[in-house]
Amino acid sequence: MNVIFSIYVDIAEENLDNPGWWENGVQVKTDKSLQTKNALKAYYDRLNKVKKDYANNINADYILFEGGKDYDEYCDFFKNNYPQISEYDIINFYKQWKMKDLAEQYDKICYLDFDVVPNTKENIFKAHKIDTHFACAENNHLASEGKRLAINDPDRYQTCIRNPASKFWNCHAMLSEEGYEPDTDVFNTGIMVATKEIVKKLDYFGDFEKVLELMTHLKEDENSMYPPTVQRVFNYDNETVFAYKRVINEVDIDYINDDWHWRVDSVIFKKDAKMFHVMNKKFGYFL
């Protein structure tokens, strides 16, 4: 049995985080999180339906996980033990948690961020070699400029916590601290596909609290080898942990190409792409 799932949690406005970049040592305040909240809420029905219809077309179950007792209990664990972690990041850990849970019930699992819009009837499970690999898109090309800047002119490294380069350096620090080759890939987990065996091999939540403690240590280390402009954007990010786990647990990646994961960050996009990840939240172009 196969399943496609997504997650929708309407974060209370007072719990929204600030993903702003830095200017002259001060983090810029943005309303990006509020814009995202409002856009997802406005298009909730259509975003849910388009994923449900796609699952039906490829004969897979469809599950949308929303706020409720299970999520509240999961969220409370972080709020009680790691209050520095934003609810946005908790939700992104929650999607990995549900993928782990679904691997106990289904043979093949596909996760789609709620802002992903399928645009095909082709079967995503058959399009990727998931019997031996975990399918996920890389963000290396988006991280490359930030990586170079951090090395060559760290004082001008003023990026935000969600920039792929920030996640690269965060994972770089984690792997280096643990004695692994630190130069690794950066991922976008907005679309993930795997068999139950590969999900279990990834073991995302194995020693999870130790992983969070490692992230805290690296973020607060007063003797860090990383410039302050880089260290300050270390964050508790699901994609950083994914990149770390796939290295230490030796999980091979089938890199999802742009056609299956088209990241929409402008009004220009490939109209016949199979999956649109509408990162700019301009859903009216697609729904």
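## Overall fold

Among contacts between residues at least 6 apart in sequence, 75% join residues at least 24 apart. Contact here means heavy atoms within 4.5 Å. This is a predicted model: local features need pLDDT of at least 70, side-chain atom pairs count only at pLDDT 80 or more, and totals for chains, interfaces and linings use all residues. Residues are numbered from 1 along each chain as its sequence is written, and side-chain values use heavy atoms, with hydrogens and water left out.

The protein has ten helices and eleven strands. These are DSSP runs, numbered from the N terminus: helices are H or I with at least four residues, strands are E with at least two. The C-alpha atoms fill a box of roughly 55 × 40 × 35 Å along the principal axes.

## Burial and surface

Of the 287 residues, 54% count as buried. Buried means under 20% relative accessible area, exposed means over 50%, and partly exposed lies in between (1.4 Å probe, protein chains only). The protein exposes about 13700 Å², with carbon and sulfur atoms supplying 45% of it. Areas come from the Shrake-Rupley method with a 1.4 Å probe.

## Helix H1

Helix H1 covers residues 32–42, and its buried residues are Ser33, Lys37, Ala39 and Leu40. They pack against strand E1 (2–8) and helix H2 (44–57).

## Thr159

Thr159 sits in the loop between helix H5 (140–152) and helix H6 (164–177). Is Thr159 buried or exposed? Thr159 counts as buried because its relative accessible area is 14%. Beyond residues up to four places away in sequence, Thr159 touches Trp21, Trp22, Ser166 and Val233.

The Thr159 side chain also makes a polar contact with the side chain of Asn163, at 2.9 Å. A polar contact is a pair of N or O atoms within 3.5 Å; within protein, one must be able to donate a hydrogen and the other to accept it, and residues adjacent in sequence count only if both atoms are side-chain atoms.

## Positive phi

Most residues other than glycine have a negative phi. Asp203 has a positive phi, near 50°. Asp203 lies in the loop between helix H7 (196–202) and helix H8 (208–220). Its relative accessible area is 38%, so Asp203 is partly exposed.

Lys281 is not a glycine, yet its phi is positive at about 60°. Lys281 belongs to the segment after strand E11 (275–277). Lys281 is buried, with a relative accessible area of 17%.
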